[in-house]
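Work through the exercises below with the sequence and the coordinates at hand, and try each task before reading its solution.

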Amino acid sequence: MAKSDKPLGTSPDHYSVRVGGLTAATEVQQRLLQAQTRRHFLGTCATGLGAMFFATMLGGRASAGSAAASTGGEPRLNFARDPARPLAPLPPQFTPKARRIIYLHMTGGPSQLELFEHKPVLTRFDGRDCPASFLAGKRFAFLTGTPKLLASQYPFHQAGKDGNWISDRLPYLEQHIDDVCWIRSMHTDQFNHAPAQLLILSGNARLGYASVGSWVTYGLGTENQNLPGFIVLLSGGTIPDAGKGLWGAGFLPSVYQGVQCRPRGAPILYLDNPPTVSRALRRRMLDVIDEIDRQTHAEFGNPETVTRIAQYEMAFRMQLAASDAMDIHREPAAVLARYGAKPGESSFANNCLVARRLAERGVRFIQLYHAGWDSHGQAASFALNPGLGFADRCRDVDQPTAALIEDLKRSGMLEDTLLVWGGEFGRTSMRENRGGQLMKWVGRDHNPSAFTVWIAGGGVKAGMSYGETDDMGYEVVRDRVEVRDLHATMLYLLGFDYHKLNYPYQGLEQKLTGVNPARVVAEILA
C-alpha cells in the first residue's frame with residue numbers, strides 16, 4: 001500500500017480511495033504502529049507494570065470499596081454500561097411512579113404573590129413601612145433603607161374542588177388546578193440568580209456539578225437511542241444567568257450533559273450533512289473515525305474517547321430522528337392553536353409542544369427555560385404593573401402549559417410523567433427600592449425565604465396544597481421544603497433512594513442532594 005503524507009481522510013478523494021474493508025483498517029494499524037517508538041513502548045510498559053503493582057497491593061481495598069456503598073456497607077448500585085451505548089436504559093432501584101421529567105424553569109424568579117399566594121393581610125398593610133424584623137439579618141440583591149409593603153397587583157379567587165387560590169393571570173392553568181400539587185413552602189439559601197439557578201438545577205450553588213437532567217440520564221439512561229436522553233429548549237430571548245452549566249454534566253461523563261436544541265432550522269448546529277456529502281459517505285467517514293478512536297482508547301484508556309464515539313453515532317442517528325421530533329409543522333392546526341404555537345418562531349408555546357413530542361418518543365429529561373421573570377420594576381419589561389412585562393410573561397406560559405397538561409392527561413402519559421414548574425426563588429413582600437428611592441415601575445426584590453413550585457403527574461397528589469407562608473407571604477411557617485428535599489422527592493418518584501444515586505469524585509460519593517440531610521416529601525405522594 002502506498003504511503004501518504006496526508007492524514008487519513010483529509011479530502012473526499014483520498015477518503016474514498018482508502019475507506020472500506022481491510023484497506024482502511026490496515027492504514028489505521030500502520031499509523032498507530034508508527035507511533036509506537038522504543039521510548040514510547042518502554043514508557044507505557046513501565047506505567048503498565050506500575051499499575052499492575054498498585055492494583056495487586058490495593059486490590060483488596062478496591063474490591064471492598066466497590067462492593068459497598070459509603071453508608072451502611074450496603075452494595076452500591078451498578079451503573080456500568082456497554083461503552084458503545086452509554087445511554088442504554090437501566091432499571092431503577094425500585095418500581096417508579098414516573099418514567100420521565102419535563103421541567104419548566106421560569107428564569108428570574110416569578111412572583112408567587114402575583115400568581116399563587118393570596119395574602120389579604122398584606123393587602124391591608126399595602127404602602128406601609130416594612131417592619132424592622134423583616135430586614136434584620138437579611139441580605140438583599142437591591143433593597144435598601146426601609147421599603148414599603150406591597151400588595152398583590154392582581155386579584156385572586158378560589159378554584160377547583162379543593163378551593164386553591166390562584167390569580168387572574170393564569171386562566172388556562174386554572175382549568176387544570178385540580179391536576180396540580182402546589183408546594184407553597186419552598187426555601188433556598190441563595191439570593192442571587194446564578195447561584196440560585198445552579199442550586200435548584202444541580203444541587204450545588206457552584207459551577208462544576210452535575211445537573212438534575214444529567215443525574216437522571218446517568219441513573220436511568222433513555223428509552224430512545226436515536227435521541228439524546230436530556231434535551232434543553234430555551235425561550236424568552238436570553239440565556240439563563242448561570243449559563244450552559246445549568247445543563248452540564250459536571251463530574252459525570254460528558255455524554256450525560258443536556259443537548260440544547262434550536263427553535264428553527266436544524267435542531268442542532270452542523271447536524272445536517274453539507275450538500276456534497278451523502279449519508280452513505282458520512283457513514284463511511286464515521287466508520288474510520290470510530291476505528292481511530294477505538295485504537296486511541298485501547299492505548300490511553302480515556303473514557304471521554306468512548307464518549308466521543310457514542311456522540312458521533314448519536315449525531316448520525318439524530319439526523320433523521322431529531323428533525324422529525326422537533327418539526328411541529330406535522331401537528332394539526334387545532335393542536336397548534338391550543339398551544340398558541342407558531343412554527344418557525346422561538347417561543348415557549350412551540351417548546352411545550354416539542355416537549356410533548358420528545359416525551360412521546362422516549363426522551364428521559366426535557367428542560368424548558370423561559371426568561372423574563374426578574375420583576376424588579378427597573379423597566380417596563382420587568383414590571384409587575386398590569387399590562388407590562390410580568391403580564392406578558394404570564395401570557396407566554398399560561399396557555400401552552402395548560403395545553404401540555406391536557407395532552408399528557410388525554411394520552412395517559414401524565415400518570416408516568418413528572419411535570420415541574422417553578423423558578424430559582426420567590427419575590428419579597430416589599431416594593432423594590434434602590435438607594436432609598438422607589439423604582440419608576442412596580443417590582444419586588446429576590447426572596448429566597450419563600451416561593452412556590454408546582455408539580456403534576458408522576459405519583460403526586462393532584463389538587464393538594466402543601467406548606468404555608470406567613471400572613472405577608474415572606475417566610476415559611478409550616479412544612480418547609482428545601483431544594484434538596486425537592487430533588488430527593490423527584491428521584492424517589494423515578495425509583496431511586498437519593499443516597500444510592502451517587503458518583504465517586506474528589507473522595508466523596510457525590511449526590512444530587514449534596515452532603516446535607518434531605519427528605520422525601522412523603523406527604524405529597526399519591
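H12 and H13 are roughly parallel to each other (an angle under 35 degrees), as follows from the angle between their axes. The model is predicted, with local features needing pLDDT of at least 70 and side-chain atom pairs pLDDT 80 or more, while totals for chains, interfaces and linings use all residues. Residues are numbered from 1 along each chain as its sequence is written, and side-chain values use heavy atoms, without hydrogens or water.

**Exercise 1.** Determine how the axes of H12 and H13 are placed, and which residues make the contact.

*Solution.* Begin with the axes, which are lines fitted to C-alpha atoms over the stretch in contact, with angles from 0 to 180 degrees between N-to-C directions: those of H12 and H13 (residues 389–411) come within 8 Å and cross at roughly 15°. Next, list the contact (heavy atoms within 4.5 Å): Phe348, Ala349, Cys352 and Arg356 of H12 meet residues of H13, including Pro400, Leu404 and Leu408.

**Exercise 2.** Decide whether the residues of H12 are mostly buried or exposed.

*Solution.* Take buried as under 20% relative accessible area and exposed as over 50% (1.4 Å probe, protein chains only). Twelve of the 13 residues of H12 are buried, so this helix is largely enclosed by the rest of the structure; among them are Asn350, Arg357 and Leu358.

**Exercise 3.** Find which residues have the most contacts inside the largest nonpolar core.

*Solution.* In this core of 114 residues, they are Ile102, Leu358 and Trp454. Ile102 in turn touches Ala355, Ala359 and Leu404, among others.

Methods
Helices (H or I, at least four residues) and strands (E, at least two) are DSSP runs, numbered from the N terminus. A nonpolar core is a set of buried Ala, Val, Leu, Ile, Met, Phe, Trp, Tyr and Cys residues joined through side-chain atoms within 4.5 Å. Angles under 35 degrees count as roughly parallel, over 145 as roughly antiparallel, 65 to 115 as roughly perpendicular and the rest as oblique. Lists of a residue's contacts leave out its neighbours within four places in sequence.
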